[in-house]
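Reader: I have a structure open and would like to go through it with you. Can we start with how the helices pack?
Author: Fine, here it is.

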Amino acid sequence: MDHAPGRSEGVTVTMNASVAPTETSSWDRFESLYRSSRDDVYAYVCTLLRDPGAAEDVTALAFERAYRRRRTFDRRRGEERAWLFGIARNAALDELRRRRRVATLVSEPTDVEPVGDEDGPEVALRRTAVQAAMASLPPREREIVALKFHAGLSNAELARVLGVSESNAGTLLYRTMEKLRKACNATA
Amino acid sequence: MRLLDHDEPIDPEIAASLDAIDAVLAGEPVDAQYAELAELALLLTAERPPVPPAFVQTMDKRVSRRFATPHVAAVPGQPRRRRLSTGFWEAAGALSAGVALIVGIVIVAGTLHSNGSSDASSTASVASAGSGEALSTTSASAEPTTRASAGASAPAVTASHGSARSPSSAFKSAASVPSTSSAAAASSSGAQTLQPPTTGRKVVQSAQLQLGAPPNRIDDVAQQVYDVIGSVNGIVENSTVTQTGGPDGSADFQLSVPSASLGQAMSQLSSLNYASVLSRTDASTDITDTYGAAQRALADARALRTSLLKQLANAVTTEQVDSLNAQIHDAEASISSDEATLARLNHEVGFSQLSLQISARNAPAPVAPKSGGFGIGRAAHDAGRVLTVAAGVALIAIAGLTPVALVAALLWWVGAAVRRRRREQALDSA
């Protein structure tokens, strides 16, 4: 299986004219960040929330917040992607809090992606096992998977978003992978 | 699962597995022992949720507009919560600063008003002195030091005098610089003089005043002193005026001023042109008891003399006459002494002793405005006052806002911690 991790690309944005140089610079940085991270943020939020509709709203909210706060970004405290995913994480957790308060939405059913068999039945079987294993993961471990494999963050960025050290982030990722591997093997 | 919150060395096996994961995500080959892990990583990557094209278009439009529409992404099933914009907080901050500024101005203005618009600060102490009571008040003011020395080219002029009543022409001849103005006109801006209650009491008052003046203005100020003393019918008992044009110029005065006019004289002397008050001492001593004792002693002596005169009229022997004459002589001496004592006490009560020193100081002395004129000196003085008030207001505002800022920072920190904890709890219970 040589499926490369998909990344955001091909986004074109119309630029507004007559803006100050500093404004242009900060806007360029934001636009670049948006272009490179839009799909990643959506994938992360969608995996965390397991609700594509809410993921769209949260993703939009995260980018809007990032745009409003783009001047407060301090590069000494980490890379822009980690900063953006921190904002997205807070927005997603706020959504989870809101869901907890709204009882009627707690039991909202999640969409299940039908697994195609174009890659063969064996691959389809493995994908189904992975999906089942993912569904059985606690939210924190599912978040680690989302940040690493769906958002494409490095271990350092992952640590920055989670607020732990890089070695601890690596350990958490390893443990999660081991748990997933065992779950997949058990299913098989 | 609990997140690890402390750093620790990573296990080599874990590090190797993480490297294998990163390698397979980068499309690089991995060792065979990590084949299962690599396959799992690729399967997980393949489970990445695709982005709906409609959402991509919507987001691109919003970003191209730079989120121009004040829109907060609606959360399904929940009415949009109204957010406080940045403008609100800016307005709130400006309002708070304005309120603090107004409060500061009110406080500073109140303080200045209570000081009688004078630079002098006063302390007062009361102490017993013998049979009487003494009240001592000292006031002093600092003056700015920005003007350069006027030079020392003027010849030294010294004038010394004994007791003299009123500023005579002799003083003016000794002090060659003519008087510049009437100091009495500036009395309204002078410092207030303390007046102890004297109703029915015999009170001796005295005062000391130290003035500073530019070296080339010693004569001017001295002449104004003479004018003031003359205007209140005072006495210049002793004076020494030395003008060298340098920093060693000075003037000393021993003055006697009618006690009723002491306040007026002090006010005028405290606001002389070219002079500023360096220090000032007002003292008073209640001598009512001493005065009463002297009166009784005089009455007793007079009664004794009357009695002795009657005895002398009835005396029949020479020895009696001689003895009575000697006693009468002693009684008359006592009467003379008591009368002298009373006269001295009356003079002390009626005339207050005033000691005045003028020293040369290389500093701009405030020039009293003449008929409301406005000049550079007045402008500089006013500017200094404005800056002083502004600094005071700023200091008070900072003092008032600091605890508010600390409380706000604490509340913000607590709020952020609570919000962070609730978010983590929401993730745990998701």
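Reader: At what angle do helix α5 of chain A and helix α2 of chain B pack?
Author: About 80°, with their axes 10 Å apart. Axes are lines fitted to C-alpha atoms, for helices over the stretch in contact, and angles run from 0 to 180 degrees between N-to-C directions. The helices are residues 121-136 of chain A and residues 35-46 of chain B. That makes α5(A) roughly perpendicular to α2(B), a label for angles of 65 to 115 degrees (under 35 is roughly parallel, over 145 roughly antiparallel, the rest oblique).

Reader: Before we go on, what am I looking at, and how is it numbered?
Author: It is a predicted model, where local features need pLDDT of at least 70, side-chain atom pairs count only at pLDDT 80 or more, and totals for chains, interfaces and linings use all residues. Residues are numbered from 1 along each chain as its sequence is written, and chains are lettered from A and ligands numbered from 1 in the order in which they are written.

Reader: Which residues make the contact of α5(A) with α2(B)?
Author: A:Arg126, A:Arg127 and A:Val130 on the α5(A) side, and B:Leu43, B:Leu44 and B:Ala46 on the α2(B) side. Contact means C-beta atoms, placed from the backbone, within 7 Å.

Reader: Which residues are buried in α2(B)?
Author: B:Leu37, B:Ala38, B:Leu40, B:Ala41, B:Leu42, B:Leu43, B:Leu44 and B:Thr45. Buried means 20 or more other C-beta atoms within 10 Å of the residue's own; exposed means 12 or fewer, and partly exposed is in between.

Reader: And how much of chain B is buried?
Author: 25% of its 430 residues. Chain B has ten helices and nine strands, which are DSSP runs numbered from the N terminus (helices H or I, at least four residues; strands E, at least two).

Reader: New topic. Which residues touch the most other members in the largest nonpolar core?
Author: A:Tyr44, A:Val45 and A:Ala88, in a core of 64 residues. A nonpolar core is a set of buried Ala, Val, Leu, Ile, Met, Phe, Trp, Tyr and Cys residues joined through C-beta atoms within 7 Å. Helix α1 of chain A, residues 21-49, supplies the largest share, eleven residues.

Reader: What is A:Val45 in contact with?
Author: Leaving aside neighbours within four places in sequence, A:Ala55, A:Val58, A:Thr59, A:Ala88 and A:Ala92.

Reader: Last one: is A:Arg175 buried or partly exposed?
Author: Partly exposed, because 14 other C-beta atoms lie within 10 Å. A:Arg175 is in helix α8 of chain A, residues 166-187.

Technical notes. Contact = placed C-beta atoms within 7 Å.
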